Amino acid sequence: MSTINVLGLVLLVLMLIVGGRQGWLSFLSLLVNFGLFFLALILVDFHVPPLAVTLGLSVCILAVTIFMGTNDLEVARAAFFAAFVIFICLLSLVLVVEHFAQVPGFANEDSGELEGMSVLIGINYAKVATMVTLLSVLGAIAEAAMAIATGVFAMMRSDATQSITSLLNGGFTIGQQIIGTTLNTLFFGFFGGLLALLVWFVGLDYSLGTIINNRIFVAELITVLISFIGVVLTVPSATLLCVYHFHKHLDKHEEKQ
Amino acid sequence: MTQFFKTHPKKAWLALFLLVVGLALILFTAHDQFLYRQPIGRVLTVKETSRHKRTDEFKNVDYQMTQKLTVKVMNGRYKGKIVQVHNRYSASGALDQHYRVGQEGFLSQINHDRHGYSASLNGLKRDTILVFLLWLALSALILLLGSAGARAALSVVLNFGLILGAISVNLRLQASHVVLIFSLLAVIFTIVTLLLVFGANLQSLLAMVATLLSTFVSLGICLVVMALTNQKGIYYESMQYVTQNPRTLFIAEILLGSLGAVMDESSDVVATVFELKRVDQRAGFKKLFKAGMQVGKSVMGPLINVLLLIFFASTFTCALLYLKNGNSWGYTFDMSMCLGMVQSLAAGIGIVINVPLISTLIAYVLKGSDESVND
């Protein structure tokens, strides 16, 4: 058996032991996300416009991550809408930033790997870059939206008469609690994979000016910063959407009575 | 607006201050050519001179264009001179790019002959857009989340500095102790980050111990599995930008990649169990352990998904190129995605193991302190 299969099996067994049913669902969501990711690759390979693929599959990935990540349907619904709103905001931000930064595809540092390959593949790499940035941000905004929604719903259920201001404050307090560790999750997630590139930069004595204009480095940093911005903006948007959903629910309840 | 100034004077002034600083920084980086040693040119006019259809051996259809640019040199010896640049680019733009009027880029090979100056443009000046985004992220953090946001940003900056420091130590030792250096770095990272985020207290100490334990245990499991399966299906030659032994570098990447997520999970569990203990002073080991497991179970799935998407997205561009070069799906997976897959699985194992570990640890410690209070 290959290493990847064995590691996957170990992960599955551990998740079942630790999480039981929830663990099984989480493992399933990993598999489905992996499948969706592969589907994205196939679709782009068949020349479906990358931005359309991004939009369609991002909705699926957000839904899978959020709805399979929690048992609480109300929380999941609010979190999903909040994450989707933020996703649309980020989409426009990424389009603007990529227009100015122009960091698609590869750079001189990749030339070793690209040897013997045809790079004229007829797919716009600028759009692929936008897609990559947005795909890597999805998990982070889904996770943040769930954390905020869980907290805010707990507050509203314990005391349904709270004012919107106090709920907003509560949402921001939760945001303050999670922001430090969430940013570091993203930072290590991204820079864990960039270690080799950083060794290259330091080893070959790149100047600061070269690094901050380098195509790959700027592309990665843009992704990191966009995901930071996404997580921060999720805090108010998730709180507001939770309050909205909760009040709509309450109103319906009152009408029935 | 004036209303907001009256109700939240501090916040309004802070926003104004950030806005002014941001504008100043962006203006500065737009005019910082004098700081660069490489000559920088601004594109004045653009004319497309040719357009050819290209079909490669895999039947990919693309277009190759040539642009004739007039560029004004902005700094250095040739400052103020107008140079001619021929730029070849493709519609897909994997390695090249087209230039627009007003953009600035780095010039090289500036020559003078009887037709005037000529040069080639390689690469855009991207510092302004980077500074803009940096400013946007920092402002959002500080304005929306206050000091917690500022501390979070500070911890990220510190960690970035630490990584660079560790890399230069690693290079000075000629990459002879990569795993040792980055293991030490992981310990320092954990301590610095949790101190900044949580402060110096029992909560941080517990989170630190659990984080490090789970990270190293998961790395251990990963190494054992690799050894037992003879690393079948792991292709180190597919690793990008490698300048030293790829295997040890990859181990360091596994170590660092999951560190943040495990810290995240530990701090969630610790915060919840401490809160439970505060509300219910008499909670025993079993109840505390259960509460910890409950939180851990619910956060582990989303956290693994965060890392999975990050690791996979980074392989996307490469995988697409392999596919379009007529490679099979299997070969494409091996060459562009297998390392990312191993990394996400290793991170996942660390995140899952951490749940019972931190729950046991914290339940044991809090139960103990309770008994001493009762005695």
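Residues are numbered from 1 along each chain as its sequence is written, while chains are lettered from A and ligands numbered from 1 in the order in which they are written. Because the model is predicted, local features need pLDDT of at least 70 and side-chain atom pairs count only at pLDDT 80 or more, whereas totals for chains, interfaces and linings use all residues; side-chain values use heavy atoms, with hydrogens and water left out.

**View 1. The interface of chain B and chain A.**
Let's start where the chains meet: 121 residues of chain B and 111 residues of chain A take part in the contact (heavy atoms within 4.5 Å). On the chain B side, B:Arg126, B:Tyr241 and B:Phe316 supply 8% of the area buried against chain A, more than any other three residues.

The rule finds 33 residue pairs in polar contact between chain B and chain A, both residues being at pLDDT 80 or more. A polar contact is a pair of N or O atoms within 3.5 Å; within protein, one must be able to donate a hydrogen and the other to accept it, and residues adjacent in sequence count only if both atoms are side-chain atoms. Among the elements that give two or more residues to the chain B side are strand S2 (61-73), helix H3 (127-172) and helix H7 (285-324). Helices and strands are DSSP runs (H or I, at least four residues, for helices; E, at least two, for strands), numbered from the N terminus. H7(B) gives the largest share, 27 residues. By type, the chain B side divides into 75 nonpolar, 33 polar and 13 charged residues (Ala, Val, Leu, Ile, Met, Phe, Trp, Tyr, Cys and Pro count as nonpolar, Asp, Glu, Lys and Arg as charged, and the others, Gly among them, as polar). Which residues form the salt bridge with the closest N and O atoms 3.6 Å apart? They are A:Asp45 and B:Lys324, and this interface has one salt bridge by the rule (a side-chain nitrogen of Lys or Arg within 4 Å of a carboxyl oxygen of Asp or Glu).

**View 2. Aromatic pairs.**
Over all chains, a search of the whole structure finds 24 aromatic pairs. Rings of Phe, Tyr and Trp (its six-membered ring) pair if their centres lie within 6.5 Å; planes under 30 degrees apart count as stacked, over 60 as edge-to-face and the rest as tilted. B:Phe132 and B:Trp135 make a tilted pair because their planes are at 40°, with ring centres 6.2 Å apart. Both lie in helix H3 of chain B, three residues apart, about one turn of the helix. B:Phe132 is partly exposed at 26% relative accessible area, and B:Trp135 is buried at 19%. For these words, buried means under 20% relative accessible area, exposed over 50%, and partly exposed in between (1.4 Å probe, protein chains only).
The rings of B:Tyr322 and B:Tyr331 are edge-to-face, since their planes are at 70°; their centres are 6.1 Å apart. Here B:Tyr322 is buried at 8%, while B:Tyr331 is partly exposed at 38%. Ring pairs also join residues of both chains in a cluster of A:Phe34, A:Phe37, A:Phe38, B:Phe312, B:Phe316 and B:Trp329.

B:Ser155 lies in helix H3 of chain B and is buried, with a relative accessible area of 0%. Neighbours within four places in sequence aside, B:Ser155 is in contact with A:Asn184 and B:Leu196.

**View 3. Salt bridges within the chains.**
Side chains of opposite charge can pair when their charged atoms come close. Over all chains, the search finds nine salt bridges. In one of them, the closest N and O atoms of B:Arg42 and B:Glu104 are 2.7 Å apart. This pair links distant parts of the chain, 62 residues apart: B:Arg42 is in strand S1 (residues 40-55) and B:Glu104 in strand S4 (residues 104-113) of chain B. B:Arg42 is partly exposed at 29%, whereas B:Glu104 is buried at 10%. B:Arg278 and B:Glu275 also meet in a salt bridge (2.8 Å, N to O); being three residues apart in helix H6 of chain B, they are separated by about one helical turn. B:Arg278 is exposed at 56%, and B:Glu275 is partly exposed at 39%. In chain A, A:Asp72, A:Glu74 and A:Arg157 are linked in a network of salt bridges.

Terms used:
Buried area is the accessible area (1.4 Å probe) that two parts lose on being put together, summed over both.
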